[in-house]
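Here are my notes for you, as a set of numbered points. Keep the structure open beside you and look up each residue as it comes along.

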Amino acid sequence: QVQLVESGGGLVQPGGSLRLSCAVSGSIRRINAMGWYRQAPGKERELVAAITSGGTGYADSVKGRFTISKDSAKNTVYLQMHSLKPEDTAVYYCNANLAEVVRAGSRDYWGQGTQVTVSS
């Protein structure tokens, strides 16, 4: 059974930094892509950043402030967030598109979400 476990959210003042982590466990054959999404109250879930073997991509709103990285040996993805703004306040979800050992094809898996609040 595949599990995504996030950590690192919390309350931070504007201009501050946080680092989110997401560890993937289970019988994994291959991870195709990992990413971070966020959902603010009353808004749709949006892609923040993604990483594949080919590179990284970011939402325009976070370019230059957020950095996504991964440790393939640990099946863990990170989101380093700097210069945080109140509008970054949201629940952040980890996503992985992966292939399991016991199942054909690939599918998306989601973490439980971690709250990030940027407020003075």
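1. Let's start with Trp110. With a relative accessible area of 36%, Trp110 is partly exposed: buried would need a value under 20%, and exposed one over 50%. Keep in mind that this is a predicted model.

2. Which residue pairs its ring with Trp110? Tyr37 does, and by the rule used here the count comes to one aromatic pair. A pair like this is described by the distance of the centres and the angle of the planes. For Tyr37 and Trp110, the centres are 4.9 Å apart and the planes stand at 65°. Edge-to-face takes an angle over 60 degrees, so this pair is edge-to-face.

3. Tyr37 belongs to strand β4, while Trp110 belongs to strand β10 (residues 107–110). The pair therefore ties together parts that are 73 residues apart in sequence. Tyr37 has 22% relative accessibility, so Tyr37 counts as partly exposed too.

4. Have a look at Arg45 while you're here. The charged end of Arg45 sits over the ring of Trp110, 4.7 Å from its centre. Arg45 also lies over the face of Tyr93, at 3.8 Å from that ring's centre.

5. Nonpolar side chains tend to be buried together in soluble globular proteins. Here the largest nonpolar core has 30 residues, and Trp36, Leu79, Met81 and Tyr92 have the most contacts inside it. Strands that each supply at least two of its residues include β3 (18–25), β4 (28–39), β5 (46–52) and β11 (114–118). Which strand gives the largest share of this core? That's β9, with five residues.

6. Pick out Met81 and see what surrounds it. Leaving aside neighbours within four places in sequence, Met81 is in contact with Gly16, Ser17, Leu18, Leu20, Arg65, Phe66, Tyr92 and Val116.

7. Last, trace the open sheet of four strands. Its order is β1-β3-β8-β7, and the pairing is antiparallel. From one strand to the next, the twist averages 15°.

8. β7 and strand β8 (residues 76–81) pair in the antiparallel sense over six bridges. To find one of them, go to Asp71, whose bridge partner in β8 is Thr76.

Definitions and conventions
Residues are numbered from 1 along each chain as its sequence is written. This is a predicted model: local features need pLDDT of at least 70, side-chain atom pairs count only at pLDDT 80 or more; totals for chains, interfaces and linings use all residues. Side-chain values use heavy atoms; hydrogens and water are left out. Two strands pair if DSSP finds at least two bridges between them. Axes are lines fitted to C-alpha atoms, for helices over the stretch in contact, and angles run from 0 to 180 degrees between N-to-C directions. A nonpolar core is a set of buried Ala, Val, Leu, Ile, Met, Phe, Trp, Tyr and Cys residues joined through side-chain atoms within 4.5 Å. Buried means under 20% relative accessible area, exposed over 50%, partly exposed in between (1.4 Å probe, protein chains only). Contact means heavy atoms within 4.5 Å. Rings of Phe, Tyr and Trp (its six-membered ring) pair if their centres lie within 6.5 Å; planes under 30 degrees apart count as stacked, over 60 as edge-to-face and the rest as tilted. A charge sits over a ring if NZ of Lys or CZ of Arg is within 6 Å of the ring centre and within 35 degrees of the ring normal.
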